[in-house]
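Please take a moment to look through the sequence and the fold before reading on. The briefing below is meant as a careful guide for a first reading.

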Amino acid sequence: MSSAAEIAQLPKVELHLHLEGSLRPATMLDLAERNRVDLGATSAEELTAQYTFESFDDFLHLFLQGLTVLQTADDFALATAALAEELAGQNVRYAEVTTTPFNHHRRGIDMAAYVEGLNEGRRRARWDHGVELGWICDIPRELEPPELGFTADLITGPDAPDGVVAIGLGGAEIGFPAELFEASFGRAIDSGLGSVPHAGETVGPESVWGAIRALHANRIGHGVRSMEDPALVDFLAETGIPLEVSVTSNVLLRVVPSVEEHPLRRLLDAGVTVTLNTDDPAYFSTDLNSELQLAYDVHGVTIDELKQLQRNALEASFAPDLFKRTVAADFG
Ligand SMILES: [Zn+2]
């Protein structure tokens, strides 16, 4: 059997992908037409041609612009169901999907409609596509004032979406350190949620240490710049705090110079718990099968190792134990 066929067959778990970064061009154009939003493109090709990034800030600008196509409960449900259909096609059994409530609130979207859409989309994921979803609601570092506590209020309150498993932290890492968000994370953790900040992507090891010490991170989004501090690599290996690695994202956003120079293999060799992810698959024209194939082709990650990375992801997830055991049995 070819490696591609083996990878396609492998049951999978994904822990780091953004709902708002998963809208494929066709879905994006449909939603834009429905809501009369001008994206400056009328075909999938024209839209994809806009997806070139010189920097993380470039990407962030495009990402925020893309949100404008999501307006009603129906839109959020459709986006979620479309993502689930795609995940099902790659044999992904379970995914923890990040979404950013404050980014929608600040542009005037009714939070009740947003939550209703997420709930309906998650139901369709389960019943129509057989994919179980958990939500990670993240704080956009540069946009949500830390003292506001908006995201923590929503996800710890009575009007939270169904299936929220953790609080996250995304957006611009430079200038907005983890320590600013200690209070929001503390409240989320106290209410039983996990802690999954992005760190060590556009800022170095000090950002990862901040995520661990101030935010008690259960996992680190990206974390690839941990490689710059051997003591941090040792700490990650010893504690088993997993990294959510997204190779294509890191290359396209210039976190690393090339796929070949990505530290994936070095992290594995150092004994760090790694999971493989797509981050914003629509903007980076990737999917989970492609990320696994890249690891296999370029970094010599064997099929057995890829299976282990899927087990890592399942283990590192916030899925209920019984569900984890059921999926683990499928891993063989
Ligand atoms: Zn991300």
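The model described here is a predicted one. Eight strands form an open sheet in the order S1-S2-S3-S4-S5-S6-S7-S8, with parallel pairing. The largest nonpolar core has 88 residues.

**The sheet as a whole**

- Strands of a sheet pair through backbone hydrogen bonds, and the pairing can be either parallel or antiparallel.
- Strand S6 (residues 220-222) pairs with strand S7 (residues 243-245) in the parallel sense over two bridges, and here Gly221 stands opposite Glu244 in S7.

- Strand S3 is mostly covered, since nine of its nine residues are buried.
- Glu132, Gly134, Ile136, Asp138 and Pro140 point one way from S3, while Leu133, Trp135, Cys137 and Ile139 point the other way, and all of these residues are buried.
- Strand S2 (residues 92-99) runs parallel to S3 and is joined to S3 by six bridges, and the bridge partner of Thr99 in S3 is Cys137.
- Six bridges also join S3 to S4, and these two strands run parallel, with Gly168 in S4 as the bridge partner of Asp138.
- Between S3 and S4 the chain crosses through helix H8 (residues 150-156), and this β-α-β crossover is right-handed.

**Helix H9 on the sheet**

- Helix H9 (residues 182-190) packs on the sheet, where H9 touches strand S3 (132-140), strand S4 (164-170) and strand S5 (194-199), and the direction of H9 makes about 170° with that of S4.
- Arg187 lies in helix H9 and counts as partly exposed because 17 other C-beta atoms lie within 10 Å.
- Not counting residues up to four places away in sequence, Arg187 touches Ala152 and Thr156.
- Arg187 and Ile167 are 20 residues apart in sequence, and their C-alpha atoms are 9.8 Å apart in space.

**The nonpolar core**

- Within the core of 88 residues, those with the most contacts are Ala79, Ala95, Val97, Trp135, Ile167, Ala211 and Leu243, and helix H5 (residues 73-89) gives the most to this core, with nine residues.
- Leaving aside its neighbours within four places in sequence, Leu243 is in contact with Ile220, Gly223, Val224, Leu236, Leu267, Val272 and Val274.

**Helices packed against helices**

- Two packed helices are described by the angle between their axes and the distance between the axes.
- The axes of helix H15 (residues 303-316) and helix H16 (residues 321-331) come within 11 Å and cross at roughly 175°, which makes H15 roughly antiparallel to H16.
- To this contact H15 brings Lys307, Gln310, Arg311 and Leu314, while H16 brings Lys324, Val327, Ala328 and Phe331.
- In helix H2 the buried residues are Pro25, Thr27, Met28, Leu29, Leu31 and Ala32, and the buried residues of H2 pack against H3, helix H4 (56-66) and H5.

**Residues with a positive phi**

- Most residues other than glycine have a negative phi.
- Arg36 has a positive phi near 50° although Arg36 is a residue other than glycine, and the place of Arg36 is in the loop between helix H2 (25-34) and helix H3 (44-49).
- With 7 C-beta neighbours inside 10 Å, Arg36 counts as exposed.
- For His216, also a residue other than glycine, phi is positive and near 50°, and His216 is found in the loop between helix H10 (205-213) and S6.
- His216 counts as partly exposed because there are 14 C-beta neighbours inside 10 Å.

- Ala4 has its place in helix H1 (residues 3-9) and counts as partly exposed, with 14 C-beta neighbours inside 10 Å.
- Ala4 and Tyr296 are 292 residues apart in sequence, and the distance between them in space is 9.5 Å, C-alpha to C-alpha.

Terms used. Residues are numbered from 1 along each chain as its sequence is written. This is a predicted model: local features need pLDDT of at least 70, side-chain atom pairs count only at pLDDT 80 or more; totals for chains, interfaces and linings use all residues. Two strands pair if DSSP finds at least two bridges between them. Helices (H or I, at least four residues) and strands (E, at least two) are DSSP runs, numbered from the N terminus. Two residues are in contact if their C-beta atoms, placed from the backbone, lie within 7 Å. Axes are lines fitted to C-alpha atoms, for helices over the stretch in contact, and angles run from 0 to 180 degrees between N-to-C directions. A residue is buried if 20 or more other C-beta atoms lie within 10 Å of its own, exposed if 12 or fewer, and partly exposed in between; C-beta atoms are placed from the backbone. A crossover is right-handed if, with the strands pointing away from the viewer, the path from the first strand over the helix to the second runs clockwise. A nonpolar core is a set of buried Ala, Val, Leu, Ile, Met, Phe, Trp, Tyr and Cys residues joined through C-beta atoms within 7 Å. Angles under 35 degrees count as roughly parallel, over 145 as roughly antiparallel, 65 to 115 as roughly perpendicular and the rest as oblique.
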